[in-house]
Amino acid sequence: MREITYRQALNEALAEELERDPDVFLMGEEVAEYQGAYKVSAGLLQLFGPKRIIDTPISENGFAGLGIGAAMVGLRPIIEFMTFSFSLVAFDQVVNNAPNMFMMSGGQFNIPITFRGPNGPAHQLGATHSHATENFYASVPGLKVCTPATPRDAKGLLKTAIRDDNPVLVLEAELLYSSKGMVEPPDEELLIPLGKAEVKREGSDVTVVCYAQTVPIALKVAAQLEEEDISAEVVDLRSIKPLDERAIFDSISKTHRVVIVEQDHPYCGVGAEICYRIQKDIFDELDAPILRVSQEDVPMPYNEQLEHHVLPNAEKLFAAVKKVCYA
Amino acid sequence: MQPVEQRDEVEMLSLMLLIRRFEERASQQYQAQKIGGFCHLYIGQEAVVVGAIAAVRPDDYIITAYRDHGHALARGTTANACMAELFGKETGCSRGLGGSMHFFDKRHHMYGGHAIVAAHVPLGVGLAFAIKYRSEDRVTLCFFGDGAINQGSFHEALNLAALYKLPIIFICENNLFAMGTSVTRSTSLKQIVDRAEGYDIPGEIVDGMNFREVRDKIAEVADSIRKESHPAFLEVRTYRYRGHSMSDPASYRTKEELEKYRLDDPIIRLRAQLTREGKLTNEQFDQLDRQAKQTVLDAVKFAEESPQLPVEKLYDYVYFNGAKL
Ligand SMILES: Cc1ncc(C[n+]2csc(CCOP(=O)(O)OP(=O)(O)O)c2C)c(N)n1
Ligand SMILES: [Mg+2]
């Protein structure tokens, strides 16, 4: 194992899959000559050339559709959205074409495409540039959605996504690109299956379910809680769809209390779905009502303090955990 | 039809200076972390928006993309309100809720500040639709970058404007780059203006470093639109001196290219024209510049001292009736 950044991990995943399969190509705004708006594709143009690392005009709907068309005849496109806020310009392609094709064509056309890029609020980018899209996309049958929080998960999930024969969204996080973590050496194949959560920290009193940018928050809060003699188990979903119900249920069966900390909005958010499943299947395991920590139900304000107030943050999570523990 | 008041050229020069000094100060305050998020400076392009507003009336509509500080200032939004917005303060033109990319000023008919590339072009068409719907004597100026012309919404908007003969001037501020992508790498046409032809919209190329050329061309087009409603398209050639945003080192272009454009600076150019014609002395110019710098310094102080919107008021801005649903 060695320590690399989340950005490097994604870059390695792209390079390895481009190397392995000539049908894989990467397309998006500024991915080639500029080396990526967030430098995730740095060096790839030099390694694989302009045929496979392709700069586009600002035409998200166009190049997302191009990718789907190319996938219908067997190529395996990786489409980068500079951020998932801009994927909304391509919503029709991602939601109406990619996931429907297989059903509509009676199983003739599967769409092996990866849509990737940073998702979720970063820092003071305002309402148009701060969308957390995981709950929109996870609600669409035919799409798969994953949300890596660590370099290792980023690499392993992206590689799996590229090899998947269905449309997969890899929702990265701008605020995590420079974070570091241990990852297997490059000569060791690292594939992490979709739909497999990971316990990022073991605990016995309360389960904290998290993903993407809320994982570091959960780990930080778990460390703080230790000082109050509360042992929190941190379950990183890693994939939103498919969802690893088993891992969530197993943890709750041990702790009997749960807080879900999510990056999206509360109304119809990811946590709402998880709550439903918990109460349906393991109602008797619960010793307290489930709590959710999410963004506030408002468009994102620019002002820094207001933004902090809107975001799921450590203070809110800390308070929620204490509440479910009646502490 | 009401006449368009001739704007004094010295006043317009001082407006360009105000924008220049504002942006320099914004850059400095960004580095000092008083300003957050993305921040795109307008330095080099001042003659475009100042030329445009000099050619229309204060109640004509304007709408633009995220490189919007100059547009608000040119329209009459105070430097105080602009700087306070960058600082995220309640006294900002969008109450500190929008930030650099989302300047709005209803009173001055500035309809934003829009950060999704080309998403505001249909909105501009909507403003123009309302003008025609109400049979008003107004035009809409819709500004956007060269990067916007390859979005679907841009194309749909042009067709709609042409189809319904709406009173709108599409103003493409062609600064040759969309982030690191030059126009030659983004667009199949040799000239952006040829986009207009495909929609049967009259189009022309304008030198965006020349205040007078921009003003006169837009005045002529606006006059024609006021007589009989129709859309028009101007490709205004300009250059941004700084990187795309504060975080872009702009290593995709050469020093020589930048120097070439700096020699053609719109402020130096208008100053030279006015000086040659005996309308401006060096002392007067220096005085205008000192004033601009002072206005901007005062704006920083105003922004520093302004309050932020209290958290409890945040929910007043989700739904118009202030309801929390
Ligand atoms: C739909 C969408 N895609 C991508 C972006 C990211 N982005 C912001 S500005 C920009 C370049 C736009 O260039 P241009 O239109 O020429 O305007 P300029 O910056 O030169 O003023 C890009 C790609 C965005 N804001 N919206
Ligand atoms: Mg441009």
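How many bridges join strand β13 (residues 258-261) of chain A to β14(A)? Three bridges join these two strands, which run parallel. The legends below describe a predicted model, in which local features need pLDDT of at least 70, side-chain atom pairs count only at pLDDT 80 or more, and totals for chains, interfaces and linings use all residues. Residues are numbered from 1 along each chain as its sequence is written, chains are lettered from A and ligands numbered from 1 in the order in which they are written, and side-chain values use heavy atoms, with hydrogens and water left out.

**View 1. An open sheet of five strands in chain A.** The strand order is β9-β11-β10-β13-β14, with mixed pairing; strands (E, at least two residues) and helices (H or I, at least four residues) are DSSP runs numbered from the N terminus, and two strands pair if DSSP finds at least two bridges between them. Strands β9 (198-201) and β14 (291-293) of chain A stand at the edges with a single partner strand each, so one side of each has no neighbour in the sheet. Val259(A) has Leu291(A) of β14(A) as its bridge partner.

**View 2. Strand β7 (residues 168-172) of chain A and its parallel partners.** Five of the five residues of β7(A) are buried (under 20% relative accessible area, 1.4 Å probe, protein chains only). Val168(A), Val170(A) and Glu172(A) point one way, whereas Leu169(A) and Leu171(A) point the other way. Five bridges link β7(A) to β5 (residues 114-118) of chain A, with Gly117(A) partnered by Leu171(A). Three bridges link β7(A) to β6 (residues 144-146) of chain A, where Lys144(A) is partnered by Val168(A).

**View 3. The magnesium ion (ligand 2) and its donors in chain B.** Asp146(B) (OD), Asn175(B) (OD1) and Phe177(B) (O) coordinate the ion at 2.0 to 2.1 Å; donors are N, O and S atoms within 2.8 Å of the metal (3.2 Å for Na, K and Ca), and sites may look incomplete without water. Asp146(B) lies in the loop between β3 (140-145) and α6 (152-163) of chain B and Asn175(B) in the loop between β4 (168-174) and β5 (177-178) of chain B, so the pair ties together parts 29 residues apart in sequence. Both Asp146(B) and Asn175(B) are buried.

**View 4. Ligand 1 in a site shared between chains.** Residues from chains A and B surround ligand 1. Of the 22 residues around ligand 1 (a heavy atom within 4 Å), those that come nearest are Glu60(A), Tyr66(B), Arg67(B), Ala115(B) and Asn175(B). A polar side-chain atom of Asp146(B) lies 3.0 Å from an oxygen atom of ligand 1, and a backbone N or O atom of Gly147(B) lies 2.9 Å from an oxygen atom of ligand 1.

Definitions and conventions
Buried means under 20% relative accessible area, exposed over 50%, partly exposed in between (1.4 Å probe, protein chains only). A polar contact is a pair of N or O atoms within 3.5 Å; within protein, one must be able to donate a hydrogen and the other to accept it, and residues adjacent in sequence count only if both atoms are side-chain atoms.
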